[in-house]
Amino acid sequence: MATDPALDVPLLQSIYLSSAVAKAALDSFASRSYRISETTVDRLLGVVLESNSSSKRQDVVEFLRQLQTANCGAFKIGRRGSASRFVWTVSLVDVGLAAQGKKSAVELAAPQEVKSAPEPDDVTFTHVFQLRLNQRVEFRLPTDLTQLEAGRLADFLKTLPLEAS
């Protein structure tokens, strides 16, 4: 299997140590059992939020730009309804392992090796609402929550108060 001599493994390891977003994302990549050709910003944000709820979309974009600098692929800004995404030129699994120091050479992702994994339907974000001074409420909601679903949820919440009549 070919390796990418242009890939900057020391930079990749530096990126891994630089932020919680990078660590969460690269650990996720290393744990995968399949390769994909693209990773969307929103999907990766959902993964990162699982371990670091204070992460922001801009943090993920910056991380993907750093991966581009390390020659892992290309960051593409979404245009005309297309999502912002990272297009891999190497195996994201091997990038994760190299960042962790468990692999020294990263395989090139040949087109026949790359398989598209379906985006899970359960990609969610955690939304935090300060109900009272000392009471926070968390909602795990799908990233593609519709106006109709938000209305249904609001209607449900209106049925919950337990005030005395």
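This is a short tour of the predicted model above, stop by stop.

Before you click, note that residues are numbered from 1 along each chain as its sequence is written, and that side-chain values use heavy atoms, with hydrogens and water left out. Because the model is predicted, local features need pLDDT of at least 70 and side-chain atom pairs count only at pLDDT 80 or more, while totals for chains, interfaces and linings use all residues.

**Stop 1: the whole chain**

Show the protein chain as a cartoon and you can find six helices and five strands (DSSP runs numbered from the N terminus: helices are H or I with at least four residues, strands are E with at least two). Their order along the sequence is α-α-β-α-α-β-β-α-β-β-α. Of the 165 residues, 33% count as buried; here buried means under 20% relative accessible area, exposed means over 50%, and partly exposed lies in between, with a 1.4 Å probe and protein chains only. Switch to a surface view: its accessible area is about 10,400 Å², and 52% of that belongs to carbon and sulfur atoms (Shrake-Rupley method, 1.4 Å probe; for residues, only the protein chains shown count as cover).

**Stop 2: the largest nonpolar core**

Next, select Leu 26, Phe 29, Leu 44, Phe 63, Leu 64, Leu 67 and Cys 72, the residues with the most contacts inside the largest nonpolar core, which has 34 residues. Such a core is a set of buried Ala, Val, Leu, Ile, Met, Phe, Trp, Tyr and Cys residues joined through side-chain atoms within 4.5 Å. Two or more residues come from each of α1, α2, α3 (41-51), α4, β3 and α5, and α3 gives the largest share, six residues.

Now centre on Leu 26. Leaving aside residues up to four places away in sequence, Leu 26 touches Leu 12, Tyr 16, Phe 63, Leu 67, Val 95, Gly 96 and Ala 99 (contact means heavy atoms within 4.5 Å).

**Stop 3: helix α5**

Select residues 92-99. This helix, α5, is mostly covered, with seven of its eight residues buried: Leu 92, Val 93, Asp 94, Val 95, Gly 96, Ala 98 and Ala 99. Around them, look for their packing partners α1 (9-18), α2 (20-31), β1 (38-40), α4 (57-69) and β3 (85-88). Step just past the helix to Gly 101, where phi is positive, about 85°.

**Stop 4**

Finish at Phe 156, which sits in helix α6 (residues 147-158). Phe 156 counts as partly exposed because its relative accessibility is 49%.
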